[in-house]
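Here are some friendly notes from a colleague on strands and aromatic rings. Please have the structure open while you read.

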Amino acid sequence: MISFRLDVADLAATSFAYSPLQETVLSLRMWTGHAWRFPALRETFAALRPAFENLDHELLTSLVARRRYWVPDFLTPRPSTSAPDIRREFTELRATDPALVRAGLEQTFLPLGEPVPARLADALDDPARLLADIADALEEYWATCLRPAWWPRAKVVLDADIGHRARVLAEGGANALFTGISGRLSWADNMLSIERNGPWPSPQTEIPIDGRRLLLTPSCFADGVSTMLSSRALPHIIYGARGLATLAERPAPPAPRPLERLLGAPRARLLTMLAEPASTTELAQRLDVTPAAVSQHLSVLYAAHLLERTRHGRHVRYRHSPLGAALCEPHLGHGFDRNLSG
């Protein structure tokens, strides 16, 4: 078990961020026998396989430990801002001290009884060159496979997750926040503990935050909760983001026909989708339209008292009002249809 000691000031300073570099590195799990853990992502990544196989996929897949799908800490540094630009992240990755490369690779593979993969071990006599090659391969993978279509959709999920966690913290406090992230997280007596359930490289560890700010980072490629392998790293917890099902290739739910006649097809479809809260950007992504088009329809529905909206930080989220929910009820819609016909 690893525990973080947070005093009141540390708890108040705990914050969230996501990292496109982190997601790029952790997505390599989809190519190393662990895709079954993320069923909502398998179809999308299966479609990316031809492009991935045209890259240096041998180097990329060698970065993931097979037994526990660990990756080296130096490839997933704690984000320096809440939503960093990946160009800056790649610049910072290339500036990593080459002396950390060997230690990072050995710490990733050896505790699990795996040798450092030959592709990496054979290059350790020149760690600076190996680091540059890894950064080049990751940057090409990002630009070819992830940036064009996948990242805009993933970013919506990560933003929505952070918005949800902020609401949980505001409504239920720290204990509700941490236990809601994972059943392996517990909060008591100013200690946040992660239960470890496998072969780990260190015994039970207590890490004081001491003003270094604990950062919580959602990921599309984490099926639990984890922290950095080195207890000397800046305090950083990575956890599985909620809402991955929205990344599966599936159409938005159809609206009842009577509702379409009343509101028009676009607004009826939007209203039907908003049984669960969503932002303008999320809705636009799911419908493959511009946020401006969605915003126009949402304004009309809100003015008609069919939607409620709440602001959470930078994001405004909409959902059914009681009246809007009633209009979406199938039995009510069919009755309404019959009345129109009569």
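The points below go from the sheet to the hairpin and then to the rings.

1. Ground rules. This is a predicted model, in which local features need pLDDT of at least 70 and side-chain atom pairs count only at pLDDT 80 or more, while totals for chains, interfaces and linings use all residues. Residues are numbered from 1 along each chain as its sequence is written, and side-chain values use heavy atoms, with hydrogens and water left out.

2. The open sheet. Four strands make up an open sheet of mixed pairing, in the order S2-S6-S8-S7. Helices (H or I, at least four residues) and strands (E, at least two) are DSSP runs numbered from the N terminus, and two strands pair if DSSP finds at least two bridges between them. S2 (15-16) and S7 (225-227) stand at the edges with a single partner strand each, so one side of each has no neighbour in the sheet. S7 runs antiparallel to S8 (residues 236-240), joined by three bridges, and Thr 227 stands opposite Ile 237 in S8.

3. The helix across it. Helix H9 (residues 150-181) lies across S2, S6 (215-219) and S8, at about 130° to S6. That angle, on a scale from 0 to 180 degrees, is between N-to-C directions of axes, which are lines fitted to C-alpha atoms, for helices over the stretch in contact (heavy atoms within 4.5 Å).

4. The hairpin. S3 (residues 185-188) and S4 (residues 191-194) run antiparallel, joined by four bridges. Two residues lie between them in the hairpin, and Asp 189 in the turn has a positive phi of about 55°. Leu 185 stands opposite Ile 194. Buried means under 20% relative accessible area, exposed over 50%, and partly exposed in between (1.4 Å probe, protein chains only).

5. The ring pairs. The whole structure holds 12 aromatic pairs. Rings of Phe, Tyr and Trp (its six-membered ring) pair if their centres lie within 6.5 Å; planes under 30 degrees apart count as stacked, over 60 as edge-to-face and the rest as tilted. Phe 16 and Tyr 239 are edge-to-face, at 6.5 Å centre to centre and 85° between the planes. Phe 16 lies in S2 and Tyr 239 in S8, so this pair ties together parts 223 residues apart in sequence. Phe 16 is buried at 15% relative accessible area, and Tyr 239 is buried at 0%. Phe 178 and Trp 187 form a tilted pair, because their ring centres are 5.5 Å apart and their planes at 50°.
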